[in-house]
Amino acid sequence: MDNETSLRNERKRGSGVKVVYDILRDEILDLELPPGSPIDEVQLSERFGMSRTPIREALVRLAGEGLIDTLPNRSTMVSPIDFLNMHSYFDALVLMYRVTTQLAAKYHRPEDLEVVRALQAEFAAAVEAQDALAMISTNAALHLAIAEAGRNPYFTGLFTRLLNEGRRILRLYYQSYNDRLPRRFVEEHDEIIAAVAARDTELAERLAREHAEQIVSQVQKLLVRGDRLDIQL
């Protein structure tokens with residue numbers, strides 16, 4: 001096999017991995033594949049009409065995002081949602097919303113706001129289209145862009161992990177509104193961005209806290225008890 005043929009095959013396999021990854025990721029995030037569902041490589045190979053090698057590579061990527069688990073007997077399943085520790089998750093999530101937004105108000109640069117505002121426009125379009133998966137991805141990208149503007153990579157790293165782990169929870173949140181997210185949630189983003197742009201750290205932190213807590217409150221109505229850790233910044 002010459003180098004050109006090998007390169008073509010490598011690109012084809014890479015394309016196959018992306019197709020499988022994208023479709024399964026959307027199905028997991030959209031809860032079409034419920035938590036705990038078994039993942040069968042043979043069935044996936046037949047479904048997508050490709051060998052098991054790109055299937056395995058796609059599953060490795062999904063495992064890296066915490067969306068699937070490999071069990072000791074080597075079987076694979078969609079990762080369960082840890083409802084028992086949800087209150088601890090919410091405490092950490094709200095805290096990261098607050099601290100990253102406060103830091104963004106203090107340390108952002110003009111180019112940061114350009115990125116944030118562009119992502120906010122994408123989020124608003126997703127809300128208008130009632131596209132839940134687009135809402136989830138653009139919402140996460142927006143808040144991570146705000147975190148990046150705060151210039152603390154440790155907080156950004158933790159916030160990234162929390163948002164990744166919470167994507168299916170956010171899907172439940174949007175389902176509670178039948179994917180018709182009230183316009184006020186888009187407006188809340190606008191208010192947060194305005195506070196960040198004005199370098200009003202106190203207002204930015206307060207708006208971020210209120211924004212995060214209304215998400216938590218809505219999900220808690222569906223899932224868990226309502227006590228939260230109260231930390232003064």
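This is a predicted model: local features need pLDDT of at least 70, side-chain atom pairs count only at pLDDT 80 or more; totals for chains, interfaces and linings use all residues.
Rolling a probe the size of a water molecule over the atoms shows where empty space is left. In this model, the largest pocket holds about 310 Å³ of space. Its lining comprises 17 residues. Pro80, Ile81, Asp82, Glu165 and Arg168 lie nearest the centre of this pocket. Three helices each supply at least two lining residues: H4 (86–107), H7 (153–165) and H8 (167–175). By class, the lining of the largest pocket divides into eight nonpolar, four polar and five charged residues. Domain 1 (2–78) and domain 2 (86–228) both contribute to this lining, so the largest pocket lies between them.

The second largest pocket has a volume of about 230 Å³. Here 13 residues form the lining. Those nearest the centre are Glu41, Leu59, Thr70, Arg74 and Thr76. Two elements give two or more residues each to the lining of the second largest pocket, namely helix H3 (52–64) and strand E2 (68–70). Helix H3 gives the most, with five residues. The lining of the second largest pocket has five nonpolar, three polar and five charged residues.

The structure contains four cavities of 30 Å³ or more. About 150 Å³ of space lies in the largest cavity. This cavity is lined by 16 residues. Tyr89, Leu93, Gly166, Leu170 and Ile215 lie nearest its centre. Helices H4, H6, H7, H8 and H10 (201–222) each give two or more residues to the lining of the largest cavity. The largest share, four residues, comes from H4. By class, 13 residues of this lining are nonpolar, two are polar and one is charged.

H4, H7 and H8 each supply at least two residues to the lining of the largest pocket.

Helix packing was then considered. Two packed helices are described by the angle between their axes and the distance between the axes. The axes of H4 and H6 (residues 132–149) come within 6 Å. They cross at roughly 55°. At this angle H4 is therefore oblique to H6. The crossing of H4 and H6 is left-handed.

The crossing of H5 and H6 is left-handed.

Note on methods: Residues are numbered from 1 along each chain as its sequence is written. Side-chain values use heavy atoms; hydrogens and water are left out. On a 1 Å grid over the protein atoms alone, a cavity is a set of points where a 1.4 Å probe fits but cannot get out, and a pocket is an open set with protein on both sides within 12 Å along at least five of seven lines; lining residues have an atom within 4 Å of a point. Grid points are joined across faces, edges and corners, and a volume is the space filled by probe spheres set on the points. Ala, Val, Leu, Ile, Met, Phe, Trp, Tyr, Cys and Pro count as nonpolar, Asp, Glu, Lys and Arg as charged, and the others, Gly among them, as polar. Domain bounds come from an automatic or database domain assignment. Axes are lines fitted to C-alpha atoms, for helices over the stretch in contact, and angles run from 0 to 180 degrees between N-to-C directions. Angles under 35 degrees count as roughly parallel, over 145 as roughly antiparallel, 65 to 115 as roughly perpendicular and the rest as oblique. A crossing is left-handed if the near helix is turned anticlockwise from the far one by less than a right angle, and right-handed if clockwise.
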